[in-house]
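Subject: Structure handover

Hi,

Here is the structure you asked for. Please open it alongside this note, and my findings follow below.

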Amino acid sequence: MGNHPRRHQAGIDAAIQTYYGEVFDEDARLTTRSAQGRLEFERTQEIVRTATPAPARLLDVGGGTGVHAAALARAGYEVTLIDPVASQVKTAEKYGTFETLVGDARTLDFPDDSFDAVLLAGPLYHLVGRTDRIRALSEARRVCRPGGFVHAAAIPRFSAIAVAILPWKALNPAPDAVLDLIRRGDPAAGRFPAGHFHTSEELHEELVAAELSNVSVVGLEGPAGLALETVTKVSEEDFQAAKRLAVLFQDSSQIRDLSCHVLGTGQV
Ligand SMILES: C[S@@+](CC[C@H](N)C(=O)[O-])C[C@H]1O[C@@H](n2cnc3c(N)ncnc32)[C@H](O)[C@@H]1O
């Protein structure tokens with residue numbers, strides 16, 4: 001059982017254009033769609049800002065419609081956003097507070113040492129092949145100055161399994177898809193044009209393979225993140241409790257993979 005042929009990157013790249021360009025409202029994801037989005041947003045911002053305090057030059061690769069970039073620009077960073085989906089870049093451009101470009105994580109059109117930190121919150125789980133993921137991470141390292149930080153988000157396959165199995169009907173007709181997800185990180189076919197779901201150990205290894213140093217991988221949303229995904233709002237008290245849990249268990253090798261996202265950080 002399992003071992004379906006992998007999807008081709010060209011097909012995923014084409015689907016990304018349609019999905020983010022026409023189907024999905026990425027702008028709402030971190031803001032109004034679910035309580036998980038706010039937790040993901042705040043945790044990512046805090047980690048990036050703590051590692052590299054403003055003012056600093058930041059590159060947001062796969063920055064989508066600019067939710068992170070706009071907040072970072074407000075906080076005093078000089079931000080450049082790139083994303084392959086032109087319509088999202090156009091939406092980001094409307095903030096008028098940071099530079100925006102259409103581009104791909106695998107080939108960054110910037111000289112070496114152009115930035116103090118680079119954030120990739122998106123590209124890695126859309127790249128099916130390890131070679132492409134290492135290329136994206138290596139490009140981030142190249143454009144970041146020595147001593148600067150590269151932060152890269154991944155979707156853990158173990159929380160993705162929970163999402164796939166929770167509506168119970170998903171398991172019965174498609175055990176092969178669940179097996180391929182557990183064994184190889186192959187996302188089950190669906191609307192979301194995903195290429196690869198990680199384990200946190202695997203993300204750690206990829207950051208090291210891209211020649212980054214002092215690598216760490218933390219869970220972003222923690223043990224309550226999946227529950228927050230099912231509601232649009234929770235009380236402030238519950239939100240802060242979920243956030244405390246996320247921080248408390250961010251390094252736990254047993255729990256971080258239950259997060260909806262993990263964030264790897266390495267130093268140039
Ligand atoms: C889930 S969205 C995340 C957007 C934003 N960074 C955030 O955190 O809300 C994933 C983003 O990755 C972008 N992306 C997909 N493949 C990419 C690639 N090869 N290079 C750069 N960005 C890519 C998509 O266009 C999309 O905007």
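The chain holds eleven helices and seven strands. Please keep in mind that this is a predicted model. The C-alpha trace spans about 50 × 45 × 40 Å along its principal axes.

**Ligand site**

The ligand is surrounded by 22 residues. The closest are Gly62, Gly64, Ala105, Ala121 and Gly122. Three helices each give at least two residues to this shell: α1 (9-23), α2 (26-29) and α4 (67-74).

**Helix packing**

I looked at three helix pairs. Two packed helices are described by the angle between their axes and the distance between the axes.

Start with α3 (residues 35-51) and α11 (residues 236-248). They pack at about 50 degrees, and their axes are 11 Å apart. On the α3 side, the contact uses Ala35, Arg38, Leu39, Glu42 and Arg43. These meet Phe239, Ala242, Lys243 and Ala246 of α11. The contact of α3 with α11 counts five nonpolar and four charged residues, with no polar ones.

Next come α6 (residues 130-143) and α9 (residues 200-209). Their axes come within 9 Å and cross at roughly 60 degrees. The two helices are therefore oblique to each other. The crossing of α6 and α9 is right-handed. From α6, Arg130, Arg133, Ile134 and Leu137 make the contact. From α9, the partners are Glu206, Leu207 and Ala209. By class, the contact of α6 with α9 has four nonpolar and three charged residues, and no polar ones.

The last pair is α7 (residues 157-165) and α8 (residues 175-184). Here the packing angle is about 165 degrees, and the axes lie 9 Å apart. Are α7 and α8 roughly parallel or roughly antiparallel? Angles over 145 degrees count as roughly antiparallel, so α7 is roughly antiparallel to α8. The crossing of α7 and α8 is left-handed. Arg157, Ala160, Ile161, Ala164 and Ile165 of α7 meet Val178, Leu181 and Ile182 of α8. Seven residues of the contact between α7 and α8 are nonpolar, one is charged and none is polar.

**Backbone points**

Two spots are worth a look on screen. One is a cis peptide bond, from alanine 54 to proline 55, with omega near 0 degrees. Proline 55 sits in the loop between α3 and β1 (57-61).

The other is aspartate 113. Its phi is positive, at about 60 degrees, although the residue is not a glycine. Where does aspartate 113 lie? Aspartate 113 is in the loop between β3 (99-102) and β4 (115-120).

Best wishes

Conventions: Residues are numbered from 1 along each chain as its sequence is written. This is a predicted model: local features need pLDDT of at least 70, side-chain atom pairs count only at pLDDT 80 or more; totals for chains, interfaces and linings use all residues. A residue is near a molecule or strand if its C-beta atom, placed from the backbone, lies within 6 Å of it. Helices (H or I, at least four residues) and strands (E, at least two) are DSSP runs, numbered from the N terminus. Axes are lines fitted to C-alpha atoms, for helices over the stretch in contact, and angles run from 0 to 180 degrees between N-to-C directions. Angles under 35 degrees count as roughly parallel, over 145 as roughly antiparallel, 65 to 115 as roughly perpendicular and the rest as oblique. A crossing is left-handed if the near helix is turned anticlockwise from the far one by less than a right angle, and right-handed if clockwise. Two residues are in contact if their C-beta atoms, placed from the backbone, lie within 7 Å. Ala, Val, Leu, Ile, Met, Phe, Trp, Tyr, Cys and Pro count as nonpolar, Asp, Glu, Lys and Arg as charged, and the others, Gly among them, as polar.
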